[in-house]
Amino acid sequence: MTRPKILVIGATGKTGAAVVQQLREKDWPVRAIVHRADARSEQLQRSGAEIVAADIFDFDQLSAAMRGARRAYYCPPCLPYMIQSVAAFAAAAQEMRLESITGLSQWLAGPAHPSLMSRQHWLADRVFSMIPGVAHTIVNPGFFATAYLSLIPFAAQLGVFPLPVDGESRNAPPSNEDIARVAVTALIDPDRHAGKSYRPTGPKLLSVNEMVGVLSRVLNRKVRHIQTPMWMFYKAVRQAGMPPLLLSGFRHYFQDHNRGAFEFGAPTDDVFEVTGRRPESFETIARRYAALPEARQTWANTLRAFAGFLTTPFRPGFNPEKFEREQFHPIPPAPRLALDSERWRREHNGPPPTGQAQARSIDARRSA
């Protein structure tokens, strides 16, 4: 029997590329939608994926890209008009009669969250769920392991882990690959997973200090956490080229991290129950990142990291309030972080936080 072709939106991203690779390893036909042809799309093409360049905000181009495909993985663009792409994709999916959509969402998503990206993720989930005749599955991770491990060059070369969160706040971060495995399983058997929401996590809750301890072991050197101020963090990540919409949300996401939103309900068994494989540990993921060229402890890498660290205070910063004002971002009348929202707690199947998470939430509110 001919297998249905699967469309992958965001195919060169962290989870999208992994979804394409895993589907191709299982010999499923894949059409990868990319913004433009480059080295990343060439790598996907070598895996056997069909490559199509398309504007994911344009209904006609999306409809043309869907022709002949039956299922889709949708990874939203990290852009202020994300919801435009979602609406265009939903309209095209209905017209082209897709069988199923597996959508990447966000653990913090809610209608009153102060981050526009989180509010749009929440809306995207509901738009896709309302398409008649299309099975919909949500993949709903928290902070990826890669969000922490992007700092591994500093840890490897300088022995520091600069992150603006409380060292005792916790998460069970999943790997890109485990997130993709959950999505691939839902794409292969959409009827079984229709209407469900899965939260892939790592196997264990870890504090940031415990993650730093893992890095010390993996890198064979002492690493210490530095709780950097947000203005310094913004200077560093702006230089790294992160999208402004993501930057504007970081200040809220780190507050959520400190208040215990990512340890709320974690860890889950979703990776194992959906895929039959145990989730990768943070140490396993960290060893993979430690093997990258930029993480190797060489004189050139050390000088590069040291120069970057010293010059960060003198680089241009990022003003999230100015960005949101200039972009005319809508603002909820009563914005609420995750754990402050009764709706969010109800939709995430849990009671109010207790113990250490509750204490940190109270302390954070007092210091806000």
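So, which helix is tryptophan 122 found in? Tryptophan 122 sits in helix α5, residues 116-129; helices here are DSSP runs of H or I, at least four residues, numbered from the N terminus.

Quick caveat before I go on: this is a predicted model, where local features need pLDDT of at least 70 and side-chain atom pairs count only at pLDDT 80 or more, while totals for chains, interfaces and linings use all residues. Numbering starts from 1 along each chain as its sequence is written, and side-chain values use heavy atoms, with hydrogens and water left out.

Okay, back to the tryptophan. Tryptophan 122 counts as buried because its relative accessibility is 13%, and buried means under 20% relative accessible area with a 1.4 Å probe, protein chains only. Setting aside residues up to four places away in sequence, tryptophan 122 touches Ala109, Gly110, Pro111, Arg343 and Glu347; a contact is heavy atoms within 4.5 Å.

Now, the cores. A nonpolar core is a set of buried Ala, Val, Leu, Ile, Met, Phe, Trp, Tyr and Cys residues joined through side-chain atoms within 4.5 Å. The largest one has 71 residues, and Phe89, Ile101, Leu149 and Phe161 have the most contacts inside it. Apart from that core lies another, of 27 residues, including Val19 and Leu23.

Those two names come up again in helix α1, where Val19 and Leu23 are among the residues that meet α8. The axes of α1 (residues 14-25) and α8 (residues 176-188) come within 8 Å and cross at roughly 55 degrees, with axes being lines fitted to C-alpha atoms over the stretch in contact, and angles running from 0 to 180 degrees between N-to-C directions.

How values were computed
Buried < 20%, exposed > 50% of the residue type's maximum accessible area, 1.4 Å probe, protein only.
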